[in-house]
Amino acid sequence: MLASLIIVFREVLEAGLIVGIVLAATKGVAGRGRWVTLGIVGGITGSCVVAAFADGISALFADTGQELFNAGVLLVAVAMLAWHNAWMAQHGRELACDMKAVGRAVSSGETSLAALAVVIGVAVLREGSEVVLFLTGILASDDGGFATVVAGGLGGMALGALVSVLLYAGLLQIPTRHLFATTTWLLTLLAAGMAATATNFLAQAGILMAGGTVLWDTSGMLRDNSLIGQALHILVGYTDRPTAAQLAAYLAVVAGILLLTRWASRGNTPTNGPRMVSPAE
Amino acid sequence: MRRIQPLAAACALALFGATLATAAPARADDAPVTIVIKDHKFQPAEVKIPANKRVTLLVDNQDATSEEFESGEMKVEKIVGGRKQIKVMVGPLKPGRYPFFGEFHEATAQGAVIAE
């Protein structure tokens with residue numbers, strides 16, 4: 001029973017951490033609770049669907065369906081995170097300086113929230129489908145049982161939720177004027193780590209043949225599959241044996257998002273004086 | 001109008017990444033190395049593969065339940081359905097021992113690839 005709880009927890013840890021960051025990143029934006037809930041519920045529903053069709057998905061594209069699916073949803077999440085950060089670069093100043101201004105940004109804020117809901121949904125979907133397959137496997141075997149599935153499933157999810165709450169509470173200790181800068185960086189590194197993971201799936205599928213050489217090995221200090229290693233892997237993309245392709249994807253996404261946010265904030269506000277709302281918005 | 005632009009740029013960024021990935025050449029042609037899963041154990045528990053080249057592993061799950069074939073050392077992670085087979089590409093690996101395991105039955109499902 002404990003073993004199943006630990007496995008479920010490790011799978012939901014990723015979603016738990018991402019929910020925590022997203023909640024902090026959207027502090028003060030109206031309607032965020034609805035979008036976050038939508039992302040989680042959508043992800044869980046999607047998990048069941050993906051698990052039900054797992055064999056079918058796996059058989060697609062000359063048996064590389066599973067890898068392409070994983071890489072695909074990860075890259076969607078990367079795009080959504082990039083878009084959110086660009087939006088924050090345009091509107092973040094309003095959020096940080098003047099909470100009353102948030103009302104003005106709500107309509108466009110909804111689009112940004114939708115993007116983050118997709119990111120949460122994708123995180124839940126990817127790991128959730130594995131949880132569903134694992135738990136249905138226990139249900140099907142003789143030694144397992146309904147109690148194990150319920151305890152493991154609910155207990156694991158409760159621990160995942162606890163992680164969200166703790167990370168959120170921790171991030172809220174940061175003063176508001178620094179909070180959005182911090183969460184923007186966290187979301188950028190999250191995106192970069194996701195892109196690096198996506199290259200792994202493409203390499204495993206035999207689609208990406210180059211850059212498979214491992215550049216360095218820090219598994220002696222911190223292993224990927226330790227709890228801290230796994231948490232850092234999700235948060236900042238830590239990996240103990242990065243390949244050349246992973247590093248390239250990581251750096252490309254960090255650079256890409258930095259350029260994108262700089263470009264999005266260009267012409268946003270004059271450095272002095274109150275911001276004029278242009279009719280184009 | 002200006003609000004659309006970041007979204008378009010974000011999509012362009014994702015497309016750029018996808019293009020990079022798919023621009024690579026096709027797969028290796030060597031015969032795959034087979035690992036069977038039976039009663040939540042790997043048979044053989046140790047397989048030898050050539051070092052410093054891309055190798056395809058074929059995982060044949062003869063159990064009725066799903067398994068997740070996983071190895072941090074080889075950077076693979078793939079679900080194998082009950083009574084299904086999957087292929088994963090690994091490497092190029094430096095000579096050495098690379099453990100793998102079945103995440104859904106970690107107590108018994110342990111094995112390793114020896115690259116030499």
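## Basis and confidence

Residues are numbered from 1 along each chain as its sequence is written, and chains are lettered from A, with ligands numbered from 1, in the order in which they are written. Because the model is predicted, local features need pLDDT of at least 70 and side-chain atom pairs count only at pLDDT 80 or more, while totals for chains, interfaces and linings use all residues.

Helices (H or I, at least four residues) and strands (E, at least two) are DSSP runs, numbered from the N terminus. Confidence in chain A is lowest in helix H5 (residues 102-140), with a mean of 81, and highest in helix H9 (residues 244-265), at 94. The pLDDT is below 50 over residues 270-281 of chain A, a stretch that has 6 contacts in the model beyond near neighbours in sequence. Two residues are in contact if their C-beta atoms, placed from the backbone, lie within 7 Å.

## Chain B overall

Chain B contains 1 helix and 9 strands, and along the sequence the pattern reads α-β-β-β-β-β-β-β-β-β. Of its 116 residues, 40% are buried. A residue is buried if 20 or more other C-beta atoms lie within 10 Å of its own, exposed if 12 or fewer, and partly exposed in between, with C-beta atoms placed from the backbone. Among the contacts in chain B with a separation of 6 or more, 59% are between residues 24 or more positions apart.

## Strand pairing in chain B

Two strands pair if DSSP finds at least two bridges between them. One open sheet of chain B has 4 strands in the order E2-E1-E4-E7, with mixed pairing. Strands E2 (41-43) and E7 (85-90) of chain B stand at the edges with a single partner strand each, so one side of each has no neighbour in the sheet. On average, neighbouring strands of this sheet are turned by 25° against each other, direction ignored; axes are lines fitted to C-alpha atoms, for helices over the stretch in contact, and angles run from 0 to 180 degrees between N-to-C directions.

Strand E1 (residues 33-38) of chain B pairs with E2(B) in the antiparallel sense over 3 bridges, and B:Val36 has B:Gln43 in E2(B) as its bridge partner. Strands E5 (residues 67-71) and E8 (residues 96-102) of chain B are also antiparallel, with 2 bridges; the partner of B:Phe69 in E8(B) is B:Gly102. E8(B) is joined to the antiparallel strand E9 (residues 110-115) of chain B by 6 bridges, and B:Phe101 is bridged to B:Gln110 in E9(B).

## A:Ile7

A:Ile7 lies in helix H1 (residues 2-25) of chain A. The residue A:Ile7 is buried because 21 other C-beta atoms lie within 10 Å. Not counting residues up to four places away in sequence, A:Ile7 touches A:Phe134 and B:Glu103.

## Helices H7 and H8 of chain A

The axes of helix H7 (residues 176-204) and helix H8 (residues 227-236) of chain A come within 6 Å and cross at roughly 105°. H7(A) and H8(A) are therefore roughly perpendicular; angles under 35 degrees count as roughly parallel, over 145 as roughly antiparallel, 65 to 115 as roughly perpendicular and the rest as oblique.

In H7(A), A:Leu186, A:Leu189, A:Leu190 and A:Gly193 meet A:His233, A:Ile234, A:Leu235 and A:Val236 in H8(A). The contact has 6 nonpolar, 2 polar and no charged residues, where Ala, Val, Leu, Ile, Met, Phe, Trp, Tyr, Cys and Pro count as nonpolar, Asp, Glu, Lys and Arg as charged, and the others, Gly among them, as polar.

Conventions
pLDDT = per-residue confidence, 0-100.
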